[in-house]
Amino acid sequence: MNREATSPISIKGIRDGLLVTLDPRQDYEVLYSQLTEEIRHRGEFLRNSRIAIDVGGRIVHTHQISDIQELFANSGIVLWAVLS
C-alpha cells in the first residue's frame, strides 16, 4: 500500500530542501500526530533537512507553528518556511 496516498501529509524533495504538504481537510491534531509519526519513521533521512510546510488555505495559529518548530528542532530539522 502506498503510504503517501493514504497519509494526510506528503513529503517531497524540492530544490531548497523538502516540502511538507498538509491535507486541508484534516484536523490539526491529526496532522501533528501524523507528522510526528513520519519524523519518527524517517528520522535519519530527515535529520539536518530544511523543510517548508504548505498549510494551504487552513488557518494556522502561532502556537501550532511553535509546536511544529519545536518538533522539528528536537529532531534536528529546520523549519525554514510556512506557505499558504
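What covers the buried residues of H4? The cover includes H2, strand E3 (50–54) and strand E4 (78–83). Helices (H or I, at least four residues) and strands (E, at least two) are DSSP runs, numbered from the N terminus. Buried means under 20% relative accessible area, exposed means over 50%, and partly exposed lies in between (1.4 Å probe, protein chains only).

This is a predicted model, in which local features need pLDDT of at least 70 and side-chain atom pairs count only at pLDDT 80 or more, while totals for chains, interfaces and linings use all residues. Residues are numbered from 1 along each chain as its sequence is written, and side-chain values use heavy atoms, with hydrogens and water left out.

**The pairing of H2 and H4**

Two packed helices are described by the angle between their axes and the distance between the axes. For helix H2 (residues 28–41) and helix H4 (residues 62–74), the packing angle is about 10° and the axes are 11 Å apart. Axes are lines fitted to C-alpha atoms, for helices over the stretch in contact, and angles run from 0 to 180 degrees between N-to-C directions. H2 and H4 are therefore roughly parallel to each other; angles under 35 degrees count as roughly parallel, over 145 as roughly antiparallel, 65 to 115 as roughly perpendicular and the rest as oblique.

On the H2 side, the contact (heavy atoms within 4.5 Å) is made by Tyr28, Tyr32, Leu35, Thr36 and Ile39. H4 contributes Gln64, Asp67, Ile68, Leu71 and Phe72. By class, the residues of this contact are 7 nonpolar, 2 polar and 1 charged. Here Ala, Val, Leu, Ile, Met, Phe, Trp, Tyr, Cys and Pro count as nonpolar, Asp, Glu, Lys and Arg as charged, and the others, Gly among them, as polar.

H2 has 14 residues and reaches 20 Å from its first C-alpha to its last, close to the 20 Å expected at 1.5 Å a residue. The expected span of a helix is 1.5 Å times one less than its number of residues. In H2, the buried residues are Tyr28, Leu31, Leu35, Glu38 and Ile39. They cover an arc of only 95° around the axis, which puts them on the same side of H2; the arc is that of the directions from the helix axis to the C-beta atoms. The face of H2 turned away from this buried side carries the exposed residues Glu29 and Arg40.

For H4, the 13 residues should span 18 Å at 1.5 Å a residue, and the end C-alpha atoms are 18 Å apart, which agrees. Gln64, Ile68, Leu71 and Phe72 are the buried residues of H4. Their arc around the axis is only 95°, which places them on the same side of H4. Thr62, Glu70, Ala73 and Asn74 are exposed on the face of H4 turned away from its buried side. An α-helix has 3.6 residues a turn, so residues three or four places apart point the same way.

Leu35 belongs to helix H2 and is buried, with a relative accessible area of 3%. Beyond its neighbours within four places in sequence, Leu35 is in contact with Ile9, Val20, Ile68, Leu71 and Phe72. Leu35 and Ile68 are 33 residues apart in sequence, and their C-alpha atoms are 8.6 Å apart in space.

The table lists the contacts of three residues, not counting residues up to four places away in sequence.

| Residue | Relative accessibility | Touches |
|---|---|---|
| Ser7 | 16% | Gln34 and Glu38 |
| Asp23 | 13% | Pro8, Leu31 and Arg58 |
| Val82 | 42% | Ile53, Val55 and Ile65 |

Ser7 lies in the loop between helix H1 (3–6) and strand E1 (9–14) and counts as buried. The C-alpha atoms of Ser7 and Trp80, 73 residues apart along the chain, are separated by 23 Å. Asp23 is also buried, and is found in the loop between strand E2 (17–22) and H2. Val82, in strand E4, counts as partly exposed. Its C-alpha atom is 21 Å from that of Phe45, 37 residues away along the chain.

**Positive phi values**

Most residues other than glycine have a negative phi, and most peptide bonds are trans. Asn48 has a positive phi, near 70°, and is a residue other than glycine. Asn48 is located in the loop between helix H3 (43–46) and E3 and is exposed, with a relative accessible area of 67%. Gly76, which follows H4, also has a positive phi, near 75°.
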